[in-house]
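Dear colleague,

Please find below the structure that I am handing over to you. My notes on it follow directly after.

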Amino acid sequence: MDDRYDPQVIEAKWQQEWAARQLDRTDTDPQKPKFYALSMFPYPSGNLHMGHVRNYTITDVIARCRRMQGYRVLHPMGWDAFGLPAENAAIERGIHPRVWTQQNIAQMRQELQRLGLSYDWEREVTTCHPDYYRWTQWLFLEFFEAGLAYQKEAAVNWDPVDQTVLANEQVDSEGRSWRSGALVERRLLKQWFLKITAYAEELLNDLEQLTGWPERVKLMQANWIGKSSGAYLEFPIVGSDEKIAVFTTRPDTVYGVTYVVLAPEHPLTLKVTTSRRRKTVEAFIASVQQESELERTAGDRPKRGVATGGKALNPFTGEEIPIWIADYVLYEYGTGAVMGVPAHDERDFQFAKAHKLPIRQVIIPPDGKASTRLKAAYTEPGRLINSGPFDGMDSAAAKAAITEYAATRGWGREQVQYRLRDWLISRQRYWGVPIPIIHCPQCGAVPVPRSELPVLLPEEVEFTGRGPSPLAKLEAWRNVPCPKCGTPAQRETDTMDTFIDSSWYYFRYADARNSEAPFDPAAIKDWLPVDQYVGGIEHAILHLLYSRFFTKVLRDRGLVQVSEPFQRLLTQGMVQGRTYKNPRTGKYVIPSQIADLSQPTDPETGEPLEVVYEKMSKSKYNGVAPSEVIEKYGADTARMFILFKAPPEKDLEWDDADVEGQFRFLNRVWRLVQTFKANGGQLGQPLPTSLTKAEKDLRRAVHTAIKEISDDLEGDYQLNTAVAELMKLANALGSADCYTSGVYGEGIQTLLTLLAPFAPHLSEELWHQLGGTDSIHRQPWPKVDPTALIAEEMTVVIQVMGKTRGTIQVPAGASQAELEEAAKQSDLGQRYLAGKTIKKVIVVPGKLVNFVLAP
């Protein structure tokens, strides 16, 4: 018998052997059906965490299984390598972002390889490499030429001390800069956008096609797009030729408008402000600039605002109404203005109460009366009052009638609006893809000629974290002649949002080494869409929405033939660790500092600690490093635990005892094979012509495992129950003692083959110990023998037109429907019913099935 199971030795051996044999290289045999299995690629932070392990292991099991089922599988990996953390590291560590990123990639690639993940590393992509971002720039120019990339002024986070723009993640919960600590201001700067709103309707409608996506993800996207049907209305400004435009889903309440509100940033704000109110308005605007968007729109905050002194006309009533500005109205949303209907909108009601503005009720309950003093806004449907010619009308009907009334008088029109805003892609930082635009004083924004791509990131830059982007300081890089007219011009110094890089990487994998184009359309037609995409729910909106948008634009540009990039989506749950927390202070405690974990107390205060499971995090001291688990138990155990502990879409609670349990299971498989070998068992023995009851029972267990595990690896991928079935099969083999029987050999071979996608190293080692020559991962997936599943058989007569044609064996207790189906599918049924029309089927349970045929 071989020595004990030593995962470290076995795993290193087979990883080296697989790499040498290029076992995981993508099969391109056109005779095989394709399967594209993809995990969301990681940011190279330096170390894998257990969330990575779970994501990548799930996808790896699917990819390995599909290969064994006869598919040619594309299963690649790469790096989402641009972004703010690398630039922060450059500032803090005095190291170039490229060096820091490359070091992290090398470290994480090694950790991924230790997990035995079957990636085709020849298709590896790294978004910060010029051979990738050249094509990101090329695709940007496709958007630019299509009129879908443009520049306009937009509000940004401005650090007044460091004199730089900050990303949202650089602003803390108190609205202060992550570095200087200064209160962040909101400023208007010219920014680049992609016009995703042009695809809002298609992005919304095509969610119906995504039948392989979780419903909650589709709902999140639908809510983010936020389609609303309503009316566009205009309120003339008194004493001016200009008008305030609003969008409302409640045109039925327009007779109740008693004021209008502009966003402080609205271009009309200072125009409508009277000289007497100017100082107050300017002070309010300055204070709002210090608030984040989150603070301004928080539902539980009082709504702040000031009157401008200006007046607008409600064209429906002919009344002059005051114009206010308020912090809760954002210029980037809708028209940047809202009509105030305090009687029928909760936010407007609060605002009107706070500022003593008129409240006019124009809708009452269908069977109710007007209230002399509303205690809250009435927001339900009802009947119109105080609404001129529309009095008494049902509010639902009034929406259409009032909109049509406005349109005929030039006051407005029917309109569909979306919550979705155009995608702001400008980033005032270095470590990103340079936007390939040159600003010419004569020609305007001119694209860099495609023959000159990539616009390379210059290497010699200074990282201080203060002032403008490092690129803006490089005069020699920035100053260039206009490609169109030769006039001295300047490069765009903004770089692209890193979501751009991840919005098309799945296309590049299909043709990763193409140096002439981002990809060959033929390769895209062959491999896309992705058959199974796996990633965290945190990407349910932005990444997935942007990827869908990119796909549709590239389709319309004639570059790809698909409209949706991901056919099926699995959003795996989080990995949670046991966490010790002081409920009074909210402080997390390091487990090693707790004297008694069974009755944990705060080592500083002595207070009892709360023990909860929370997402693994360094700050919560509850993380488990994958490398530690691999060192102690091996990669196969780590994989088995992460798959067994919970269904893929559910959160997983880490438990060392359960990890130990999976290690014991793999040891048991090891011993089963050693015992089989020691007793003279071998693979390839024919099945006995006649089986004993013990052999029938074992064979039933074997083929039950094949059926159940095969089912678990389809649809929702219930990998946890698949592992449970593997354990049942191992138990059945452990209980049997017919080692030299072909049935036992079939059981051992089946166990190893079914186990191979889950524990690839152990399966490969044991397969070869039993004389396997080619890799176990190139063996065909086992097929169910339906006859082996029959537990207690009974003989049923098959008749055609009352004439006996033979008998079949069926499970005892089979229902009438099951008997009829078994008879149809039997050899007798196939022989005597072929080409015939069945008029009637007579089933006598437990005795016979008689087919009456049409003449």
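Helix H20 (residues 693-712) packs against helix H22 (residues 742-755) at an angle of about 20 degrees, and their axes are 9 Å apart. Helices here are DSSP runs of H or I with at least four residues, strands are runs of E with at least two, and both are numbered from the N terminus. Axes are lines fitted to C-alpha atoms, for helices over the stretch in contact, and angles run from 0 to 180 degrees between N-to-C directions. H20 is therefore roughly parallel to H22, a term that covers angles under 35 degrees. The crossing of H20 past H22 is left-handed, that is, the near helix is turned anticlockwise from the far one by less than a right angle.

On the H20 side the contact includes Glu695, Leu698, Arg699, Val702 and Ile709, and on the H22 side it includes Val743, Tyr744, Thr750 and Leu754; contact means heavy atoms within 4.5 Å. By class, the contact of H20 with H22 has eight nonpolar, three polar and three charged residues. In this scheme Ala, Val, Leu, Ile, Met, Phe, Trp, Tyr, Cys and Pro count as nonpolar, Asp, Glu, Lys and Arg as charged, and the others, Gly among them, as polar.

The model is predicted: local features need pLDDT of at least 70 and side-chain atom pairs count only at pLDDT 80 or more, whereas totals for chains, interfaces and linings use all residues. Residues are numbered from 1 along each chain as its sequence is written, and side-chain values use heavy atoms, with hydrogens and water left out.

Turning to the sheets, an open sheet of four strands has the order E2-E1-E24-E25, with parallel pairing; two strands pair if DSSP finds at least two bridges between them. Strands E2 (72-74) and E25 (569-572) stand at the edges with a single partner strand each, so one side of each is left without a neighbour in the sheet. From one strand to the next, the twist averages 20 degrees. Three bridges join E2 to strand E1 (residues 34-39) in the parallel sense, and Val73 in E2 is the bridge partner of Phe35. Helix H2 (residues 50-68) lies across E1, E2, E24 (532-536) and E25, and runs at about 170 degrees to E1.

Elsewhere, strand E5 (residues 149-159) and strand E7 (residues 185-194) run antiparallel and are joined by ten bridges. E7 is also joined to strand E17 (residues 423-424), again antiparallel, by two bridges. Phe193 in E7 stands opposite Tyr150, and Phe193 also stands opposite Leu424 in E17.

Most residues other than glycine have a negative phi, and most peptide bonds are trans. The peptide bond from Leu453 to Pro454 is cis, with omega near 5 degrees; Pro454 is in the loop between strand E20 (444-447) and helix H13 (475-478). The bond from Leu528 to Pro529 is likewise cis, with omega near 5 degrees, and Pro529 is in the loop between helix H15 (521-527) and E24.

Gln22, in the loop between helix H1 (7-21) and E1, has a positive phi near 50 degrees. Gln22 is partly exposed at a relative accessible area of 40%, while Lys356 is exposed at 76%; buried means under 20%, exposed over 50%, and partly exposed in between (1.4 Å probe, protein chains only). Lys356 has a positive phi of about 55 degrees and lies in the loop between helix H11 (346-355) and strand E14 (363-364).

With kind regards

Methods:
Angles under 35 degrees count as roughly parallel, over 145 as roughly antiparallel, 65 to 115 as roughly perpendicular and the rest as oblique.
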